[in-house]
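Subject: Handover of a structure

Hello,

I am passing a structure on to you, with notes on what was found in it. Please keep it open beside this message while you read.

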Amino acid sequence: MIEARHLRVLRAVAATGSFSAAARELGCTQPAVSQQMKALEGSAGTPLLIRTGREMRLTQAGEALVRHASGILAGLTAAEEEVAAIAGLRAGRVRLVSFPSGSSTLVPSALAALRAAHPGTRVSLVDAEPPRSVEMLREGDCDVALAFRYEGASAAEEWDDLVVRPLLADRLVGLVPDGHRLAKAESVAIGELADEPWIAGCPRCRRQLVEVCEGAGFVPRIDFATDDYPAVIGLVGAGLGVAVLPELAIESVRPKGARTVTVEPAVQREIVALTLPDLAQVPAVAATLDHLARAAER
């Protein structure tokens, strides 16, 4: 295998015409230059220099190698500089995928802080709910996935192969129209809403709603289902039903015509940032995880 240090010596010999002159240019000894040239000829499998008195003349193979050496060494130098920039967070790219309520609450402040600290790091953002966001991470379509799972989820082991950075516990709250009979209640048992029409959220949230209601002894009558949290809030505000939503979803939208109430029993979802073990060692990814964690503390 041809080594970059040997190419540098060959280029110096070709430019100066002798081992001793090349040694002076490279700041090493003449025997060291001779030794490295022998190693390079051994790797190439053919002579590269013809010694004529005190001068050296390149063979055809030597001329070809010198011709390519400049491009190879320049490319290697550029690669080393780029890697050093990425390692020092002067450059880098992170592909982030997040569920919508995380995108509107945690992500903006985290990315603003990341950009202020490391302006050379670029972050792209795509919305996706789990489990699709987790699939994207495993398939190599993103570097960090902001995801959630509910307490007691049967698929708790589905993240065993990932680096899990816990961020916060997001409690579900009830949402009822302003004029609802329970709008001013301090807390509401979910069974008190058994006869209400329901507006449900994303598929995973919808499944969780049904499980909680079944635990309270009833099956919710779901009149509307939408992944769009502002739409859920709008439907409740128009008096078309009730809902339970994560606090993060309420935080990002002003509930016009609707009121939040504490729902019992308490149900929480765990908000986490996920990445692959190898990616966790990449400086830009590690910095993104750190800033997401700081955003969740505020």
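This is a predicted model: local features need pLDDT of at least 70, side-chain atom pairs count only at pLDDT 80 or more; totals for chains, interfaces and linings use all residues.

Residues are numbered from 1 along each chain as its sequence is written, and side-chain values use heavy atoms, with hydrogens and water left out.

Helices at the start of the chain

Helices (H or I, at least four residues) and strands (E, at least two) are DSSP runs, numbered from the N terminus. Helix α2 covers residues 19-26, and Phe19, Ala21, Ala22 and Ala23 in it are buried. Buried stands for under 20% relative accessible area and exposed for over 50%, with partly exposed in between (1.4 Å probe, protein chains only). The cover over the buried residues of α2 includes α1 (4-16), α3 (30-44), β1 (49-52) and β2 (55-58).

Glu25 also has its place in α2, but Glu25 counts as exposed because its relative accessibility is 52%. Contact here means heavy atoms within 4.5 Å. Not counting residues up to four places away in sequence, Glu25 touches Ala12 and Thr16. Between Glu25 and Val9 there are 9.6 Å in space, C-alpha to C-alpha, and the two are 16 residues apart in sequence. After α2 comes Gly27, with a positive phi near 75°.

His6 sits in helix α1. With a relative accessible area of 4%, His6 is buried. Its contacts, leaving aside neighbours within four places in sequence, are Gln36, Ala39 and Leu40.

Helix pairs

Two packed helices are described by the angle between their axes and the distance between the axes. The axes are lines fitted to C-alpha atoms, for helices over the stretch in contact, and the angles run from 0 to 180 degrees between N-to-C directions.

α1 packs with helix α4 (residues 60-87) at an angle of about 125°, and their axes are 9 Å apart. That makes α1 oblique to α4; angles under 35 degrees count as roughly parallel, over 145 as roughly antiparallel, 65 to 115 as roughly perpendicular and the rest as oblique. On the α1 side, the contact is made by Ala4, Leu7, Arg8, Leu10, Arg11 and Ala14. Residues of α4 in this contact include Gly62, Leu65, Val66 and Ala69. The crossing of α1 and α4 is left-handed, a term for a near helix turned anticlockwise from the far one by less than a right angle, with right-handed for clockwise.

The other pair is helix α5 (residues 100-117) with helix α10 (residues 283-297), packed at an angle of about 130° with axes 8 Å apart. α5 is therefore oblique to α10. Their crossing is right-handed. Leu106, Ser109, Ala110, Ala113, Leu114 and Ala117 of α5 make the contact with α10, where the residues include Ala287, Thr288, His291 and Leu292.

Strands

Why is strand β5 (residues 144-150) described as largely enclosed by the rest of the structure? The reason is that 7 of the 7 residues of β5 are buried. Val144, Leu146, Phe148 and Tyr150 point one way from β5, and Ala145, Ala147 and Arg149 point the other way.

Two strands pair if DSSP finds at least two bridges between them. Strand β3 (residues 92-98) runs parallel to β5, joined by 3 bridges, and Val97 has Ala145 of β5 as its bridge partner. With β12, β5 pairs in the antiparallel sense over 6 bridges. In that pairing, Tyr150 stands opposite Arg269 of β12.

Further along, strand β8 (residues 197-200) pairs in the parallel sense with strand β9 (residues 221-225) over 4 bridges. The bridge partner of Ile199 in β9 is Phe224. Pro197 and Ile199 point one way from β8, Trp198 and Ala200 the other way, and all are buried. Together with helix α7 (residues 203-215), β8 and β9 make a right-handed β-α-β unit; right-handed here says that, with the strands pointing away from the viewer, the path from the first strand over the helix to the second runs clockwise.

Two loops with cis peptide bonds

The peptide bond from Pro130 to Pro131 is cis, with omega near 10°. Pro131 belongs to the loop between β4 (121-127) and α6 (132-138). Glu264 and Pro265 are also joined by a cis peptide bond, with omega about 0°. Pro265 lies in the loop between β11 (258-264) and β12 (268-275).

Regards
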